Amino acid sequence: MNRTRLRRMTRAGFTLIELLVVMIILAVLAAAVIPRVLNRTEEAKVSRAQSDIDSIKTALDHYKVDNGDYPTTDQGLEALRTMPQSDPIPKHWSGPYIKQYMDPWQNPYGYMSPGEHDPDYDIWSNGADGQQGGEGKNADIVSWETQETK
């Protein structure tokens, strides 16, 4: 009976070659999956930026209802967080209208009122590189273009 028990114990574990084969398979799978997951992260950031711009547009509309006009370019999107102290000082500011105005890449959203593309205002993010223009993940996300026109 001791021999039988000894045989079971020696066969109970994995060999070094079996472990190496499993590790190689896992490495191949990781090499195939990780780039796809990272690409999805960038897609999610672009989607979040588009959603943020829609939220900022809603906050700007609330600001206009309360105060009669949109914040000036000089007042910027900060006017949605703290009451502006420069002219025109809003008479019925009831904010904050938004919590923050940083894009997913931790850069502030751009704002101009009146806008060059929209008579009321333009809002944009310069994408992952923080520079105007670009393609792919570095492309600008803007308020005046819809997904259908891109």
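Gln-106 is exposed, with a relative accessible area of 54%, where exposed means over 50%, buried under 20% and partly exposed in between (1.4 Å probe, protein chains only). This residue lies in the loop between H2 and S1, helices (H or I, at least four residues) and strands (E, at least two) being DSSP runs numbered from the N terminus. Although Gln-106 is not a glycine, its phi is positive, at about 65°. Most residues other than glycine have a negative phi, and most peptide bonds are trans. The model is predicted, with local features requiring pLDDT of at least 70 and side-chain atom pairs counted only at pLDDT 80 or more, whereas totals for chains, interfaces and linings use all residues. Residues are numbered from 1 along each chain as its sequence is written, and side-chain values use heavy atoms, with hydrogens and water left out.

The secondary structure of the chain comprises 2 helices and 3 strands, which follow the pattern α-α-β-β-β along the sequence. Of the 150 residues in the chain, 25% are buried. The chain exposes about 10800 Å², 56% of which is supplied by carbon and sulfur atoms; accessible areas come from the Shrake-Rupley method with a 1.4 Å probe, and for residues only the protein chains shown count as cover. Among contacts (heavy atoms within 4.5 Å) between residues at least 6 apart in sequence, 40% join residues at least 24 apart.

The 3 strands form an open sheet in the order S1-S2-S3, with antiparallel pairing. Strand S1 (110–112) and strand S3 (141–142) stand at the edges with a single partner strand each, so one side of each is left without a neighbour in the sheet. Two strands are taken to pair if DSSP finds at least two bridges between them. S1 and S2 are joined by 3 bridges, and strand S2 (residues 122–125) is joined to S3 by 2 bridges. Trp-124 in S2 is the bridge partner of Gly-110, and Trp-124 also stands opposite Val-142 in S3.

Two cis peptide bonds were identified in loops. The bond from Asp-87 to Pro-88 has omega near -5°, and Pro-88 lies in the loop between helix H2 (16–67) and S1. The cis bond joining Ser-113 and Pro-114 has omega of about -5°, with Pro-114 placed in the loop between S1 and S2.

Pockets were located on a 1 Å grid over the protein atoms alone, a pocket being an open set of points where a 1.4 Å probe fits, with protein on both sides within 12 Å along at least five of seven lines; lining residues have an atom within 4 Å of a point. Grid points are joined across faces, edges and corners, and a volume is the space filled by probe spheres set on the points. The largest pocket has a volume of about 280 Å³. Its lining contains 15 residues, of which His-117, Gln-132, Asp-140, Val-142 and Trp-144 lie nearest the centre. By class, this lining has 5 nonpolar, 5 polar and 5 charged residues, with Ala, Val, Leu, Ile, Met, Phe, Trp, Tyr, Cys and Pro counted as nonpolar, Asp, Glu, Lys and Arg as charged, and the others, Gly among them, as polar. The C-alpha atom of His-117 is separated by 9.2 Å from that of Glu-145, 28 residues away along the chain. Glu-145 is found in the segment after S3 and is partly exposed, at 36% relative accessibility.

The second largest pocket holds about 230 Å³ of space. Among its 15 lining residues, Asp-69, Tyr-70, Pro-71, Thr-72 and Pro-88 lie nearest its centre. This lining divides into 8 nonpolar, 4 polar and 3 charged residues.
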